[in-house]
Amino acid sequence: MALDQSFVGRTYPPTEPYEVGREKIREFAEAVGDANPAYTDTEAAKALGHPDVIAPPTFVFSVTFRAAGQVIADPQLGLDYSRVVHGDQKFAYSRPVRAGDRLSVTSTIEAIKSMAGNDILDIRGEVHDEAGEHVVTTWIKLVARAAEEA
Amino acid sequence: MTAKISYSDVEVGTELPAQSFPVDRATLVRYAGASGDFNPIHWNEKFAKEVGLPDVIAHGMFTMAEAIRVVTDWTGDPGAVVEYGVRFTKPVVVPNDDKGALIEVSAKVAAKLDDNTVRVDLTAISAGQKVLGMSRAVVRLA
C-alpha cells in the first residue's frame, strides 16, 4: 500500500542529545581500518585545526539513523520495515563531528514517492550541537520494496 | 581545516591514489558492533539467503566509509570533507572463505568549485560490479 503523501514535510521532535565518545570514535575508525591520527590523537587533530579528535565522515550516520527510527516506526505512516533497503545516503557538513559533542537530531520527511510498487522515503536529519549550532545535515533514502505477488 | 593538497595544484581529471579494501566476515561483525547495525543480513548466511540474497552482504555504510578514505587519505584532514553522497547500487557479497571480498575504489577531480572546494567523483567496484553510484564528495583544499 502506498504511503500517505500528507506526511511530506512532517517534522519530528528533536532527539535527546547523543554524546560522542572518543573511544566510540576510535572503535569506529578501527572497524573501518582507518588509521588517520585525527580520529585518535588529540594533538594530531589540533595540528589540523580541530579542538579535539574528530569522527570519520560517516560516523554520524548511526546517530541520524537512530533518530530516523521515529519516522520508520511511526504507526501512522505504516512503513513495512521488513522490506526496506538503504537506497541513497548523503551528508553536508558545517564542521566535522568531534569527541564531546552532544548532538540532537531533528528528522523531517522530505519526500514520499511510489515507483513500480516500491515506496521511496526521503528523511532529512538536521544535526545540531548543544549550543544549537548546525553540525551536519544527513539525507537517508529508504526504499520499501513492493510486496511479492501472492 | 588544513588539507595537504592545494587547490591550485589540482585540475579537472586529477586522479587520487586508488585503494583496495578487503572485507571478510570478521570485518562485518566488527563494523556491526562499532556502528550498532546488527541486521543479520550482514553476518548470518542462513538469514541472508532466506531473504533472497546470494550470501551475507557488507553494510552499505561500511562501503561508504571505505570509499571516502581515498579522499581523506589524499587531503590528510578528514574535516576537509564538505559533502559526501552515494547511491547503493549493488551489494558487496562477502563469502565465508579465506578471501572474503575486495572493494576497489578510484576517484578523480570532476569539477573545481568556489571557496577552494573541488568535487571528487568516486568509483567503487567489487567482484567486477559497481557497488556505489552517484558517489561524490566535495572537499575543501588548501
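**Strand β2 of chain A and its surroundings**

Modeller: In this predicted model, β2(A) and strand β5 (residues 134–144) of chain A pair in the antiparallel sense over nine bridges. Helices (H or I, at least four residues) and strands (E, at least two) are DSSP runs, numbered from the N terminus, and two strands pair if DSSP finds at least two bridges between them. Within this pairing, A:Tyr93 stands opposite A:Val136 in β5(A). The model is a prediction in which local features need pLDDT of at least 70 and side-chain atom pairs count only at pLDDT 80 or more, while totals for chains, interfaces and linings use all residues. Residues are numbered from 1 along each chain as its sequence is written, chains are lettered from A and ligands numbered from 1 in the order in which they are written, and side-chain values use heavy atoms, with hydrogens and water left out.

A further partner of β2(A) belongs to chain B: strand β2 (residues 81–88) of chain B pairs with β2(A) in the antiparallel sense over five bridges. There, A:Lys90 stands opposite B:Gly85 in β2(B).

Is β2(A) enclosed or open? Seven of the 10 residues of this strand (residues 84–93) are buried, so β2(A) is largely enclosed by the rest of the structure. Buried means under 20% relative accessible area, exposed over 50%, and partly exposed in between, with a 1.4 Å probe and protein chains only. For chain A as a whole, buried residues make up 51% of its 150 residues.

A pocket is found on a 1 Å grid over the protein atoms alone: it is an open set of points where a 1.4 Å probe fits, with protein on both sides within 12 Å along at least five of seven lines, and its lining residues have an atom within 4 Å of a point. The largest pocket holds about 1,300 Å³ of space, where grid points are joined across faces, edges and corners and the volume is the space filled by probe spheres set on the points. Its lining has 42 residues, and those nearest the centre are A:Val84, A:Val85, A:His86, B:Asn39 and B:Ile41. At least two lining residues come from each of α3 (61–72), β2 and β5 of chain A and α1 and α3 of chain B. By class, the lining comprises 22 nonpolar, 14 polar and six charged residues; Ala, Val, Leu, Ile, Met, Phe, Trp, Tyr, Cys and Pro count as nonpolar, Asp, Glu, Lys and Arg as charged, and the others, Gly among them, as polar.

The second largest pocket contains about 330 Å³ of space. Of the 17 residues that line this pocket, A:Asp88, A:Lys90, B:Gly85, B:Val86 and B:Met134 are the closest to its centre. Two or more lining residues are given by each of β2 and β5 of chain A and β2 and β6 (132–140) of chain B. Strand β2(B) gives the most, with five residues. This lining divides into seven nonpolar, two polar and eight charged residues.

Chain A has three helices and five strands, and from the N terminus on, its elements run β-α-α-α-β-β-β-β. The C-alpha atoms of chain A fill a box of roughly 60 × 30 × 20 Å, taken along the principal axes.
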